[in-house]
Amino acid sequence: MQRIVVLAGGIGGARFLRGLKVAAPEADITVIGNTGDDIHLFGLKVCPDLDTVMYTLGGGINEEQGWGRTDETFKVKEELAAYGVGPEWFGLGDRDFATHIVRSQMLAAGFPLSAVTEALCDRWQPGVRLIPMSDDRVETHVAVELDGEQKAIHFQEYWVRLRASVDALAVVPVGAEQAKPAPGVLEAIAEADVVLFPPSNPVVSVGTILAVPGIREAIAEAGVPVVGLSPIVGDAPVRGMADKVLAAVGVESSAAAVAEHYGSGLLDGWLVDTVDAGAVERVAAAGIRCKALPLMMTDLDATAEMARAALAMAEEVRG
């Protein structure tokens with residue numbers, strides 16, 4: 001049985017995983033989920049990326065949004081607003097609240113996040129093993145200039161409240177340096193046949209996972225093919241704010257530059273969209289095998305084809 005490890009952020013990672021399950025139905029898939037987007041709201045621990053993967057693969061996601069629950073209502077949010085309790089800019093729905101309540105209760109009882117995530121997945125049966133990158137608290141903060149003053153704000157405030165409307169001056173995964181990989185993370189990488197980077201944000205999703213000491217090193221030393229799919233198509237992110245946060249770390253918003261940012265010491269293969277076919281030579285010159293093919297996840301079939309191409313490239317790398 002093929003063992004695949006995927007480093008996943010939110011919507012892009014979750015949708016890619018859905019295609020990967022179709023492309024490799026017999027594979028043993030372990031997902032290392034980004035927890036840098038985690039935030040404490042209303043006394044509850046919210047894990048947006050873990051939940052997006054869990055809901056998407058478990059059939060409970062709001063397909064139109066790509067996040068949150070389907071058939072959602074917002075009565076609790078309305079009541080909180082009536083009490084003047086914020087933040088109002090982060091829309092937790094009633095069904096979603098239940099997940100965060102269960103998670104927060106279990107954490108308060110002393111269970112680590114990895115054990116809590118496993119318990120939540122018992123309900124959703126995502127068909128993959130979902131492990132948070134770390135049981136330790138890591139939160140991505142973004143340095144911005146607001147009203148003439150530089151300040152650091154939580155990534156969720158930057159993305160959800162400000163809609164990335166101001167430049168990101170720096171991106172810092174606070175707590176990452178002190179964090180340890182969650183139980184099972186390094187073991188999964190060591191036992192993997194292939195490691196995939198889906199078209200997730202290279203800075204605040206995959207990059208945050210790689211910032212946890214030991215994870216990048218484990219992937220580089222695993223001796224298995226590492227293949228990524230570009231989240232940048234035609235010099236712009238397919239969705240999200242990758243261009244803003246790439247600028248903050250000094251990387252241009254292009255498919256080739258993201259491959260170079262990961263580097264040949266980590267990445268063996270890189271897939272770019274057909275509109276970026278001109279980047280293939282540049283990526284190859286950086287020591288990374290590269291191929292151009294359609295990378296828009298327009299439907300499940302298209303996504304499964306992307307996953308098959310990534311696995312095929314892994315086999316080419318393996319030689």
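Helix H1 (residues 11-23) has 13 residues and spans 19 Å from its first C-alpha to its last. This is close to the 18 Å expected at 1.5 Å a residue, the expected span being 1.5 Å times one less than the number of residues. Helices (H or I, at least four residues) and strands (E, at least two) are DSSP runs numbered from the N terminus. The model is predicted: local features need pLDDT of at least 70, side-chain atom pairs count only at pLDDT 80 or more, and totals for chains, interfaces and linings use all residues. Residues are numbered from 1 along each chain as its sequence is written, and side-chain values use heavy atoms, with hydrogens and water left out.

Buried residues of H1 include Phe 16, Leu 17 and Leu 20 (buried: under 20% relative accessible area, 1.4 Å probe, protein chains only). The buried residues of H1 pack against strands S1 (3-8), S2 (28-33), S9 (194-197) and S10 (226-229), and against helices H2 (48-58) and H13 (300-318). Contact means heavy atoms within 4.5 Å.

The protein comprises 13 helices and 14 strands. Of its 319 residues, 53% count as buried. Residues 24 or more positions apart account for 70% of the contacts with a separation of 6 or more. The C-alpha atoms fill a box of roughly 60 × 50 × 40 Å along the principal axes.

How values were computed:
Buried < 20%, exposed > 50% of the residue type's maximum accessible area, 1.4 Å probe, protein only.
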